[in-house]
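Here's a walk through a structure, one piece at a time. Keep the 3D view open as you read.

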Amino acid sequence: MIQVRNISKNYGTVIALSNVSFELERGKILGLVGDNGAGKSTLLKILSGDLQPSGGEIYLEGRRTRFKSPADAMKIGIAIAYQFLELVDSAMVWENFFMGRERTKRIGPLLFLDIGKMKQLTADAIAKYGPELDVDREAGELSGEQRQIIAVTRAIEANPEILLLDESFTLLYLEGRKEIVDFLKEVNKKGDITMVIVSHDLDLVKELSHFIMVLRGGEKMFFGRTDEISIDEIVRYMLP
Amino acid sequence: MKLARYLLGAVRTNLVEYYTWLLFVGIYLVMGIFVPTIFRTAILLNVLVQGTTVCLLSIGMTFVMLVGEIDLSIVAAAAFAPMAGIISWEMGFPVPVAILLTFLIGGVIGLFNGLMITKLRIPSLVQTVAMWWMLEGIVLIVTRGVAKAGLPNAWMVLGRIFIGPIPLLVFFFIIVVIVAVIFARRTVTGRRLYLVGGNREACSAMGIPVNRIRIISFMISGLFGAIAGYVSSSRMGFISSSFAVEWLMPAIAAPVIAGVSLTGGRGNFINVIAGAYLVQLIVMVVRAGGVSGYFTEFVQGLLVFIAILVNAGRQRVIGR
């Protein structure tokens, strides 16, 4: 259960977020929508520990929580998958999967990478949620959907309580989108993971989320169940 | 039949990946047509031994290129560190300590570079040029332009003791190279150099200490500069302030020839070795051929140019 109370963020005179509050039950998916500059990414970055809010509080399971850094947030159980930028194109899939948390084995007094194990675990993890993928390829060779699956699966592997996804779907074509939606539904169901998804794709958000929040100019314009609002109404809230 | 096909496939993949060696052997053979003497053992040995200097410098440079930076001060470290080491010996420290100090100083130079570049956000090009001038300047001031000779026997061990026709320094060099390759390919920090060079933001987001990795890359290049300087001094018997200045461009050319990406994230050390020896070979042949030394630079530049073209063509073939 996440409770966000009066979160604000300003950069000098520029107000990115203004008194945004909402509650999200465990295991539910929140679709965060809004026009460019509405503050969606800012809010997500605050939740992931990448930015510090100028005001307001965040409560996780009733406890006041503060993240000083993404690493901090990761420890608490928040994982974020960014807009497909967070893969190293020149590195292999398994390297991308384990970056920052590489598996090692001891040979004598020294620690070496356990490459075989990492390849195996990566293949297993990906197979759990989607179609098979050759983990020995460079990440740059993958399609948009595959990159997305890697990024999200990687975020999931940390067993997060809360998964944040930022604009991760922009490049996907129609067929790929269905793959992703099914994939994310699986992830949400299987792990009972709370999710906050930022997207410009209203159809996708409508299909995937339990709740929708519309931001405009840093302010919350609407928060409610997905089935309580139509796409037209969402758009009307989004635009001035 | 399947075995043959598999072997052929493996050979082809390796040829593509280690193409720099192909280039090296190819050019060696071609040169041999014009200058058959280069196939003589004595010459081969000469190339092998003398090439260790540019090779060590190239490897050091590669570590920094992996994270998308450059270290122009590596040649200055190659002059300054051994000089400081010898001075410490003159001050009374035993030779082994002086040698260790040499390596340590190389690392410290790198540490300083790394800190300036990460904390003060000074571009590596600017920082390392400044460091290069400063260090060269200090060496000149201290040596007054005169090479430091009279190095103790213990210091000269690598260059003076032979196993058969091969000086100890070659074995030392091989060990250093093996350690470097294992480090780059099989350790967490080594691999992270590639990752940071490939996408800094991604690494940051995944909790990899990007600045620390960058600083480490400079410490490694500083260390390799010091090692190159030490090995060279043990061979030549003196430390000169003008040492290695002529090796800066080759130290950059070799990784480029080997396909190391200047923007970071890609680099095969085995190829860098071939690239370094290729450059060394060309330098030696041009000089031995009695052609004016100025030609060397032109040829090197031409080689780098060709290497860039070959690399671009190769990437097209692979489909990157």
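**A helix and its surroundings**

The expected span here is 1.5 Å times one less than the number of residues in the helix. Helices are DSSP runs (H or I, at least four residues), strands are runs of E with at least two, and both are numbered from the N terminus.

A quick word on what you're looking at: this is a predicted model, where local features need pLDDT of at least 70 and side-chain atom pairs count only at pLDDT 80 or more, while totals for chains, interfaces and linings use all residues. Residues are numbered from 1 along each chain as its sequence is written, and chains are lettered from A and ligands numbered from 1 in the order in which they are written.

Just past the end of α11(B), B:Gly237 has a positive phi of about 90°.

Now try α1(B), residues 2-17. Its 16 residues reach 22 Å from first C-alpha to last, close to the 22 Å expected. How many of the 16 residues of α1(B) are buried? The count is 0, and α1(B) is hardly covered.

Next comes the largest nonpolar core, with 155 residues, in which B:Leu57, B:Val75 and B:Ala251 touch the most other members. A nonpolar core is a set of buried Ala, Val, Leu, Ile, Met, Phe, Trp, Tyr and Cys residues joined through C-beta atoms within 7 Å. B:Ala251 is in contact (C-beta atoms, placed from the backbone, within 7 Å) with residues including B:Val54, B:Leu57 and B:Val75, leaving aside neighbours within four places in sequence.

Two helices of chain B meet here as well. In the pairing of α3(B) with α12(B), B:Leu57 is among the α3(B) residues and B:Ala251 is among those of α12(B). The residues of this contact divide into 9 nonpolar, 2 polar and no charged; Ala, Val, Leu, Ile, Met, Phe, Trp, Tyr, Cys and Pro count as nonpolar, Asp, Glu, Lys and Arg as charged, and the others, Gly among them, as polar.

Finally, look between the chains: 18 residues of chain A are in contact with 17 residues of chain B. On the chain A side, α2(A) gives the most, with 3 residues.

Notes. Buried ≥ 20, exposed ≤ 12 C-beta atoms within 10 Å, placed from the backbone.
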